[in-house]
Structures are given as C-alpha cells and as structure tokens.
Amino acid sequence: MCNYLVLGVLVMNAFRRSGVRGFKGFIFSLVFCILYAISDEVHQVFVPGRGAQVTDVLIDSVWAFVGIGMYGTGKEGDQVLFNKLYNYLIEEIAYCIKFTLSMHKYFK
C-alpha cells in the first residue's frame, strides 16, 4: 500500500523536475502509476499461487493518487512541503519495514 504512495510522490517529483508541471504533471504522474499498477498485476498472473485482481489496481491507484496529491498541494518550488513529506514518507517506510519484519515470525 504505502509503496504506491511513495511511487506517486517520486513520479510527481520526477515530472516536476523535468519541467512537466501543473495539471499536466498530475495527469502524467497518475497515468504512469496506474500503468505500473496494471503491470504489477499482470506480472502476478505468472507467479504460482497469485493472480491479478482489478481491486488491487484500484487500491494501488488510490494510494498513488494520495501521494501525488500530497506532493502537489504545495506551491511550485515549495521545498518546505517536499521536505516535510519526505520525512513523513521515511517514517512510513520504516513502519512498513518494521511491520513486515514483525509478521515474518508468524510465517516461519
């Protein structure tokens, strides 16, 4: 889940830094993240015991939308917002890693 939020922020940042800004940057970022979510689900078709789910694409797309929206709420060039968001994302990634490691002991 949180990986698509991070993806949304990073893709939006990449488009903005490459000169694609405003609504166009928002749409390009969202389309990129949705296509990535679709490709992830297609990949799962080839993994034994896994399958593609449309709902997973929707959930991943919503998280990407949240990340893009969080990044896009600041003014153009607003580094303060990006730095706060970056710190928040680092905390979320750390939480996801801790949670994953804590769940690992139940599946040994």
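Colleague: In what order do the elements of the protein chain run from the N terminus on?

Modeller: The order is α-α-α-α. This is a predicted model, and its protein chain has four helices and zero strands.

Colleague: How many of the residues are buried, as a percentage of the chain?

Modeller: Of the 108 residues in the protein chain, 27% are buried. The chain exposes about 7500 Å², with 69% of that supplied by carbon and sulfur atoms.

Colleague: What share of the contacts with a separation of 6 or more joins residues 24 or more positions apart?

Modeller: That share is 62% in the protein chain.

Colleague: How do I read a nonpolar core, and which residues make up the largest one here?

Modeller: In soluble globular proteins, nonpolar side chains tend to be buried together. Here the largest nonpolar core has 12 residues: Leu 5, Val 6, Val 9, Val 11, Met 12, Phe 26, Leu 30, Cys 33, Ala 64, Ile 68, Tyr 71 and Leu 89. Helices H1 (2–17), H2 (22–45) and H3 (54–72) each give two or more residues to this core. H1 gives the largest share, five residues.

Colleague: Which residues does Ile 68 touch, beyond those up to four places away in sequence?

Modeller: Ile 68 touches Gly 8, Val 9, Met 12, Phe 26, Ser 29, Leu 30 and Cys 33.

Colleague: Ser 29 is on that list. Where is Ser 29 found, and why does it count as buried?

Modeller: Ser 29 is found in helix H2. Its relative accessibility is 0%, so it counts as buried. With neighbours within four places in sequence left aside, Ser 29 is in contact with Val 11, Met 12, Phe 15 and Ile 68.

Colleague: How does the span of H1 relate to what is expected at 1.5 Å a residue?

Modeller: From first C-alpha to last, the 16 residues of H1 reach 23 Å, close to the expected 22 Å. The buried residues in H1 are Tyr 4, Leu 5, Val 6, Gly 8, Val 9, Val 11, Met 12, Asn 13 and Arg 16. Gly 19 follows H1 and has a positive phi, near 100°.

Colleague: Where is Phe 46 found, and is Phe 46 buried or exposed?

Modeller: Phe 46 is found in the loop between H2 and H3. Its relative accessible area is 67%, and exposed means over 50%, so Phe 46 is exposed.

Key: Residues are numbered from 1 along each chain as its sequence is written. This is a predicted model: local features need pLDDT of at least 70, side-chain atom pairs count only at pLDDT 80 or more; totals for chains, interfaces and linings use all residues. Side-chain values use heavy atoms; hydrogens and water are left out. A nonpolar core is a set of buried Ala, Val, Leu, Ile, Met, Phe, Trp, Tyr and Cys residues joined through side-chain atoms within 4.5 Å. Buried means under 20% relative accessible area, exposed over 50%, partly exposed in between (1.4 Å probe, protein chains only). Contact means heavy atoms within 4.5 Å. The expected span of a helix is 1.5 Å times one less than its number of residues. Accessible areas come from the Shrake-Rupley method with a 1.4 Å probe; for residues, only the protein chains shown count as cover.
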